[in-house]
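Biologist: I'm new to reading structures. Could you walk me through a few features, step by step?

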Amino acid sequence: MKDKKQIERSLITTYKKTIWSKFTKAINEYKLIEDGDKIAVCISGGKDSIVLAKCIQELARHGKNNFEAIFLVMDPGYTENNRQLIIDNATLLGIPIDVFNSPIFDVVSNVDGNPCYLCARMRRGFLYKEAQLRGCNKIALGHHFDDVIETTLMNMLYSGEIKGMMPKLRSKNFDNMELIRPLYKVKEKDIIAFRNFNELTFLQCACKMTERIEQNTIDSKRQEMKQLVAHFRQVNQHIDMNIFRSMHNVNLDTIIGYRQQGNLINFLDLYKKET
């Protein structure tokens, strides 16, 4: 296993093109970080959030924006071993984590079926609350490029709507709070390569409910999307990028209907006005 300095250096050398440059490009293109921000970087203990934390640390040291970052770890009911793994990785990587507890695993254990949606909503609520208590105006999550295109496909195929995952959004329940996704342009395979190159071991999903679901061979919809995207990449290596770009290039002249700020707009409404 490499030491902290070697790991940090690899981020801006070996993985400069695939991780660091794409991270900074998303920061600049979507205006995710501004002077005066205080950002709670939310760390789950998995590979994505840890890479996000190291990128944020590097940006705070050498970036052009004057901002503050804290590194928030929510323990939703981890086993002692899983909690210790997060602490050990943070120590190794020089991430000054702030750990707080929540009862999420106990709550979702009583939910029938797949509790992942409820768990995600509860996690975000607890994170917003704790970040706000610490004087933050933003929380940063480790969602990456693959999460973006998988969500887009999942909404089309299973929800019957064209709906993406935004690089940033305002909280509806917590005043003056925003969520940002700085790894928006970084592909998962490159995060995995960074992990393997530096011989790191991160926490997988530690939810007991998820383990039970997997034992019953019930694949989540997101796992189906991962497999679908993997197939697309075998067919044409540019398909994943085309899915991503499509959400930046929606041609409303060819859309039957869309919602904007809660209002449903049908093409016939505009069609009548034109005639």
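This is a predicted model: local features need pLDDT of at least 70, side-chain atom pairs count only at pLDDT 80 or more; totals for chains, interfaces and linings use all residues.

Biologist: In what sense do β7 and β8 pair, and over how many bridges?

Modeller: Strand β7 (residues 257-260) and strand β8 (residues 263-266) pair in the antiparallel sense, over four bridges. Take arginine 259: leucine 264 in β8 stands opposite.

Biologist: Which residue in the hairpin of β7 and β8 takes a positive phi?

Modeller: That's glutamine 261, with a phi near 55°. The hairpin has two residues between the strands.

Biologist: And side chains along a strand?

Modeller: In a regular strand they alternate between the two faces of the sheet.

Biologist: Now helices. At what angle do the axes of α3 and α8 cross?

Modeller: For crossing angles, 65 to 115 degrees counts as roughly perpendicular. Helix α3 (residues 47-62) and helix α8 (residues 188-197) cross at roughly 80°, their axes coming within 10 Å, so α3 and α8 are roughly perpendicular to each other.

Biologist: Which residues meet there?

Modeller: From α3 you get Lys47, Asp48 and Val51; they meet α8 residues including Ile191 and Phe194. The residues of this contact divide into four nonpolar, no polar and four charged.

Biologist: How do α2 and α8 pack?

Modeller: Helix α2 (residues 16-29) packs with α8 at about 120°, with the axes 9 Å apart, so the two are oblique to each other. The crossing is left-handed. Here Thr18, Ile19 and Lys22 in α2 meet Asp190, Ile191 and Phe194 in α8. That contact has three nonpolar residues, one polar and two charged.

Key
Residues are numbered from 1 along each chain as its sequence is written. Side-chain values use heavy atoms; hydrogens and water are left out. Axes are lines fitted to C-alpha atoms, for helices over the stretch in contact, and angles run from 0 to 180 degrees between N-to-C directions. Angles under 35 degrees count as roughly parallel, over 145 as roughly antiparallel, 65 to 115 as roughly perpendicular and the rest as oblique. Contact means heavy atoms within 4.5 Å. Ala, Val, Leu, Ile, Met, Phe, Trp, Tyr, Cys and Pro count as nonpolar, Asp, Glu, Lys and Arg as charged, and the others, Gly among them, as polar. A crossing is left-handed if the near helix is turned anticlockwise from the far one by less than a right angle, and right-handed if clockwise. Two strands pair if DSSP finds at least two bridges between them.
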